[in-house]
Structures are given as structure tokens and as C-alpha cells.
Amino acid sequence: MNRFVFLSGLVLSALMPALASDLDDARLLYRSGKYAEAEGFAQQQVEAGIWNERWPRLLIDCQMVQGKYAEATKTYEDAIRRYPTSLTLRMKGLQAFRDASKPQQATDAKNQIMLLLQSSPSRYASRDNLVAAGRFFAMRGEDARKILEAFYDRVRDADPEHVEAYIATAELALQKGDYKVAADTLSAAERFENADPRIPFLLARAWESSDPEKANGAIRAALGMNPQHVPSLIYQADAAIDRELYPEAEAILRRVLSINVHQQQAWALMAVLAHLKGQFDQETLLRAAALSTWADNPAVDHLIGKKLSQKYRFEEGAAYQRKALELDPRNAEARFQLAQDLLRLGNEDVGWEVARLAAEQDEYNVVASNLLTLRERIKGFTVLEADGIEVRMDSMEASIYGPAVLKLLTDAREVLCQKYDVKPREPIVVEIFPEQKDFAIRTFGLPGGAGFLGVCFGRVITANSPASQGERPSNWKSVLWHEFCHVVTLEKTKNRMPRWLSEGISVYEERQRSAAWGESMTPVYREMLLDDALTPVTQLSSAFLSPPTPIHLQFAYYQSSLVIEFLIQKHGLPAVKAILDDLGDGLIINDAMARNIGSLQKLDAEFLQFARQHAVAFGEKADWSREGLPENPRLSDWEAWLSDHPDSYWALRATAEAYVAAGQFEKAKVALERLRDLETLTGERGGPLELLAQVYQKLGDTKSERAVLAETVAKSSDALPSLRRLIELSTEGGEWESVQKYASNLIAINPMLPEGQAALADAAEQQDGFSDALGALQALSRMDPVDPASIDFRMARALKQMGSLEESRHHVLRALLEAPRYREAHELLLELTGQDDSPEEAAVTGPSDENQSDAHQSGEGGQSGKAHRETANSPKSKQAGENADHSLSTEPDAKVVVEVGENSGQERRDQSNPQPDDVQKKASQQVEPRPSDAGQDAEILSSETGSNEEKSK
């Protein structure tokens, strides 16, 4: 017997390398998509009784990917008797029972796995079993961090090249929305495994939200390894649906079904296509096909609903998530998707509660955690309401330009709803976020989305505040007008419209509101319109999904708006509205357009002609050819080229930029003026028009500079540098009407800039426009001004002129609390109280005449009116405020009593002359709280007086 065992061992040792080689070959066949060949090879080895559990595991994989679920269960049942301790095998059996519509056997298999793990966990500590156990607990929704630590990390520590542990880790991270962990893990796996298509496929999923180009490259890599890789094909079909390339998506899905006729995701996406086509009976049949082999699979309804929500069909999407939750009430993905659908529908009471439940159920869900953290910040927002519109903003921003936001949106409602015959069914909610990351989390669930200014979900709009956008923010009025137009068109179509049509109408309506708003022609757009690769109208939505560069994305907006302009010119606005009505009734876009404007092929041809005529008409005198342009040119090369091609746009522009860089402004002026004569100048940021203004400034030609600056502002909605310079020049010339106009334009770009509010206040005061001045001063008072006393004094003066004497007294007293020896404020207070400037009162309200004169001349103590009219950021104002505080420290012996209301606290300050009782009494009567400060005024005054008392001590 011993001799037999010894000889058997020798034979088995000799066979091991051959067996391993055969298994590797079979796996390679499977990974390359040759499933039938791999299945045949594995079947032979299993039937031959080879003692290696990896053969039945591979056989089950081959059978499952081809939809042979009944055969897979038979393979499993035979194998598990031979390998009862294999958790990996048991997990494959569990999936096979589910897909084969054997729910009782699936339940028994799941219970058996749990029983085995509870009874003897140490028996299942092999690397493969640890990974399988981790997947089992992940399927049950257990704590993801514990799964990583107890299973996957443990395997990777023991074997840094165990691929399955990396795959399982990435799958878990993707499930929880932690895309960075997934990408990092898979990148590590790529270093030692380069033939497994699952790695690039999962990398594509990790990158798709942050880098679509890399994601597409990863999918191509996966399909290069395995052209039959079902998950990658499903990914491509999903992306084609996003791009509205429905025939392409259907072709890919049919290819998947040729591999596995029962593939649930493929049938689910076919159901999505039927829904988008309005074929609702067919949709029901296709959903049934998806559930035919696993009737209670919640992933089917979750996928259908998620895709519909991505098409802005949030009501239909939410209905599918509820179906998924009926099948599996603990399904975290369906629960969280339902929460997002409800929030985007504006059903916030239920939506936030569902989000909370989802987060509690799955603490590792990054998206849910981000959203709930954001909810707490949103609770502190100010809410403004009018005419069925609710605006939520940061409290400080709301106090500065909230009413202007509400006014713009009510105007948009009146204009656009009337134009498109729409009456919103429910209130419209607009949320404006002061931090870009909060906007991204509310909008997408994760930080990112830096290129988005605003997003409309239907009756919910999210937008970035101008303060979150850096030095050159976009015009917030233009952004909100654009987004509100989406509200109107989505309402009219019941959210059933392609992206290009929705974006095209919104950009078109921006331009209708203001010539400076929206996308307009540029030299680059001219080239793209004339390019042979111009996207056909019927495929325009695809241009928004994965643009090769940011300029291509911006061009998609512009081209879409040109299509709308063409349709309205050619067929009239009623035809466009009829298309929208038909979309709302369930017609697909091609049918709706054909019904109202005719052949789509004719539309593509006619629009192409229109677009090219539009492009040719721009700068038609210029030479736009790039043929023969110097490569890597020096300035002398451009000059030589221009001698033969004097109207070359690209050479003139490059030469002008080179001259400016070299400080040769006269030569730069010649080139730039030639571009202007050729009618090629636009309002683009940093373009030749802005450059020409800079050149005129350098040359001291103020008149020409102002003309160019005004032209820039007329062509651009966000020309902040030009507006700043125009305000400066207009102020120097005392042209206050111009100052007010340009300051208003600047505030429309970023109302949080003190310089704009200060310029508006100055201009309004100079023209006795006290209401406008008051609004700007109120904004400045909330921006932590350097000289708050000056702001309050000016507000008091404006209020007095407007007849609001009580509020005027309130502000003049605030000014005096900040700067007690502010002479002009004392004079205004005396005017407001009706007191004569008697010698006794002069002694009360300020220093002696001699000291007053000295203080005024030296700049110490009482501040002149001129000093107090400096802007909030003026160094001069800052110095004046410091001097006023400093003067208090020289007179430590007397006191001032300020009482606010009957039960208020008291503040005392030492002064050289105590006030008489009657003046004290009048002062106490004047400090009336503003309506907006009710209940807080006493505290404000008390704290301010205390602050100055500390300084005087």
C-alpha cells in the first residue's frame, strides 16, 4: 500500500504542471470570449474526475455567461458534494439557482453559507474562501469597511498578487460610490495582471463620472481583450442610450442577447428603449423577459428606473425604484436612487427621509453621506418666495442680492411661460450654493462637475453662486434665465425631450433676452461650423456626453441654439412649440420633428447650409485659411507672412499678441485695428477686442479705449475687467450715469464684489438716487466693511432723504457708536432730533471748537465727510476709522449712556463732557431697531459700544 501511495504521488506530481497549464489555457479561452471552447475543455476535465475545484468553477462561469443556468446548477450540485468546504463554489451555486428561477434552492444555499461561516469560520480561511466570504457579506449589505479589513485586505496582505481580492475590493468601492478607492485598487492590479478584461471594465466605471475619455479608453481595452465581454458591451449600450443613439444601443444589446438570451441587464435596457420610444406595452413585455429567469431580481427595476431618471423622467424612475424595493425592501441602491428622484422632483420631506434611511442602512455609501451632510448646511439657507417660486440661498448672499434673484426669476416666469404656453403645475425651487463642492454634491452626489454653472431637473434648479466661480464668474442672471427656460420646456414636454433641444432653446432664449448673453459666434466656432464633421441635428445630444475638449462641449451648446434659430426662422415658433407638445404626448423626437417640419434628412441638409452661410458671413473680408501658416513661428516669420497675406486672421492675431508681449504697442494697435476693420472681433475672454483696449490704455488713447471697452461689454455678459476699467474712467470724468450703468452690469456678474456695490452707491448718491444708493450701501454693510461708520452714516443720510426718519436715526446712532466723534453724523443726528446747535449741545456732541478744528486738520478724531464717503475697502477710510478710535483713548474721564428700549442693557463710555439729561433721553429714543434687526438691535449696539470701550481702555 505504501508503495502504491508513493507511486501515485509520483504520477500526480508529474501531472500537476500539465494540469495547471491546461487550466491556464482554458481560462485564457474564457477571458478572450471563446466561451463555448472553454466550456468544452472544462467539461472534459470535470467528467474525467480531475481533482481540482477550479475546473467546475470555470465550467459554471462558462455556462452562466451563455445563459445555461439549468446546466450550471447541475454542475454545481455535482461539484459541491465533492468540495463541500468551497465558499467560492457555493457563491457561484447561489447565483446559478437565482438565475435558474429556483428561489427555494437559492435561499437554502444562502442559509447554508451563513451556517458554515458561523459554525466553523476557521475552516474557510483560504484566500479564495475569504474573498468569497467577503462577497457574501457585501451581498447582505454588511459594513463595507469591516468587509475590507476582515477579508479583502487580509488576502492582499498575505498575497499581494491575488487578483480576485483586488477585483472584489473595487466592486465594493464602486457599489458604495468610492470611485477613487476603486481606481487606485485596479491600477495596482494592472501592474501584475494585464489579460483580465474585468480590470479595465471596472476602471471605466470608476472613471466615467470624472474622466469620460479615460473611461471609454478602458472599455475599448476590455473589449480588445474579450470582444464578447458582456459587462463591457452593456456599458457601451448604456452609453449609447445616454447619447440618444438608440439604434446603436439596440444593436449592441442584440449582440449581448446572442451570447446569452436570458441576460437580465440587456432586456432591462431594451425596456428602457421601448419606454423612451413611447412603446409602453412593449416595455412591459421586455421587463417581463428580464425577470423571466429570476423573477424577484430587484436589479432589473433599479436599472430601468435609473436610466429613466438619467433622462429626467424622475416620476417614472421613482416608480421603478419602488418596484425594486417591493422585491427587496433592503436594496440600498434602489432606496438611495429613490431618494435622489424624490429630491429632484421637489418632494423633499419624503426624499430627505428616504436618504436618511439609505445612509443609516449603508454607512459606507459616500454619496448618501455627502448628501446628508449637505442637508444640514441647506437648513441654514434663507428662503425667499414669490409667485410660485422658492429661492434658497446662503443668508449673507440672500441679504445682498436675493431680491434681485427673485425678481429675475419672476420675470423669466412671466416671459417664458407666456411664450411657450406653459403653466407650471407646482412651485419651482431654486437653490444657489456659495461653494462649488456643495453644488456638485446636491446635483451629482459627489464633488466634481466643475464645468457646470447650473442644472435644472424639472421644477428644481441648482446653481453655483458667482462667489464660487473664481476671478471671472459667469453672469448669474444669464445662468438663471437659461435654467428657468429648462423648467418651462421640461414642463411642456413632461421631461420627454432630447438634451440638444432643451439646451438649444435655453441658449437661444438667453440671446433673445440680451445680445451679450448665451453663446455667440467666435473664430473657433466659425471653423467648427465649416468642418465636414459637423454633428447632424439628429445626433446632437451625443455631442454633450463625451466631448473631446471643453471647447467642443461649448460648441455643442452653440450649435444647438443655431438649430433652434434656424427652425424658428424657417418654420416659425408655433412649429417648435408643436414639436414640444408632441414630445409631451409621448412621440419620440424624430417622429415629432417629421410631423411638424418634414423630412429629417432634409432638415440635416438645410441646417448644414444655414450653418455654413452663418459662418461665412462672419468676418467675410478676412483671410481664414490656415494653409501654409508657419510652423513654430517667430515674430519675424509672422511679419513675413503678413507681407504676402495682409488679411490673414490667424497671422494678425498672433502678431498682435507677440507685439503686446514685446511692449511694441503701436505695432500691436495696427494689427488689432486691422482685425477690427475685418469685422472679426468678438467678446471672447482674452481675445483681440480685450487686447485692443489694453493697447489703447498703454498708448494713453482714453477715448478709443472707452469705445472698445463699451463694445466688449455689449458683446460679453461677463467682461469683468472691462467693466472695472469703465467704472474707473467714468468716475474720473464725473459721469455718474455711466458709473451707475456699469456698476449694475458688474453686480449682475458678481454682486458679492464690494467694488461694484460701492461704485453703485457713489453714483446713485451723486444723482440723488437715494433708493438705489441705500440698496448698495446695505449690501456693503454686510461685507465686513473697513469703515462701517461711513456706511451707516450714508445709509442714514439716504433714509432721511427718503423720509424714513426713524430708520435714519437708527443708522446715524450706529455710526456714532462706531466712531463717537464723527462730526457729520452728530450734525445729522441734531437735524433728525430737531435740536439747535447750541453751545451746550456742542459741548455734548463733540470736542471744543478748538479741538474740533485741530482734529479735522490733522485727520485725528472727527472725520471729514470726504473721508467717510470713501469706499468700503479704501485704505483712507481704514485709517480714518483707526484715527477715530485712537482719539477716544486721549479722553478717558467722561461717559456716554446709550439705552435701547425699556429693558435693554446699558453701555457706558468715558468722555470729556457728560451729556445733559435731555440729550441722553433723546438719544435713547432714537435707537429704533430696523425691521430686519428686530429683537437683535440692542445686542448689536451693546456689543459695538463694548468693543469701542475696550479700545478706549
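Author: Buried means under 20% relative accessible area, exposed over 50% and partly exposed in between, with a 1.4 Å probe and protein chains only. The model is predicted: local features need pLDDT of at least 70 and side-chain atom pairs pLDDT 80 or more, while totals for chains, interfaces and linings use all residues. Residues are numbered from 1 along each chain as its sequence is written, and side-chain values use heavy atoms, leaving out hydrogens and water.

Reader: Which residues of helix α43 are buried?
Author: Helices (H or I, at least four residues) and strands (E, at least two) are DSSP runs numbered from the N terminus. Helix α43 spans residues 823-833, and G834, with a positive phi near 75°, follows α43. The buried residues of α43 are A825, H826, L828, L829, L830, L832 and T833.

Reader: In which sense do β3 and β5 pair?
Author: Strand β3 covers residues 428-433 and strand β5 residues 460-464, with five bridges between them. In these bridges V430 has I461 as its partner in β5, and I432 has A463. The sense of the pairing is parallel.

Reader: Which residue in the turn between β4 and β5 has a positive phi?
Author: β4 and β5 run antiparallel and are joined by three bridges, with T462 of β5 as the bridge partner of V455. The two strands form a hairpin with three residues between them. The residue with a positive phi, of about 140°, is G458.

Reader: Why are α38 and α39 roughly antiparallel?
Author: Axes are lines fitted to C-alpha atoms, for helices over the stretch in contact, and angles run from 0 to 180 degrees between N-to-C directions. Angles under 35 degrees count as roughly parallel, over 145 as roughly antiparallel, 65 to 115 as roughly perpendicular and the rest as oblique. The axes of α38 (residues 736-749) and α39 (residues 754-766) come within 8 Å and cross at roughly 150°. Because of that angle, α38 relative to α39 is roughly antiparallel.

Reader: What is the handedness of the crossing of α15 and α17?
Author: A crossing is left-handed if the near helix is turned anticlockwise from the far one by less than a right angle, and right-handed if clockwise. Helix α15 (residues 264-276) packs on helix α17 (residues 298-310) at an angle of about 40°, their axes 9 Å apart. In contact (heavy atoms within 4.5 Å) are residues including A268 and V272 of α15 with L303 and K307 of α17. The crossing is right-handed.

Technical notes: Two strands pair if DSSP finds at least two bridges between them.
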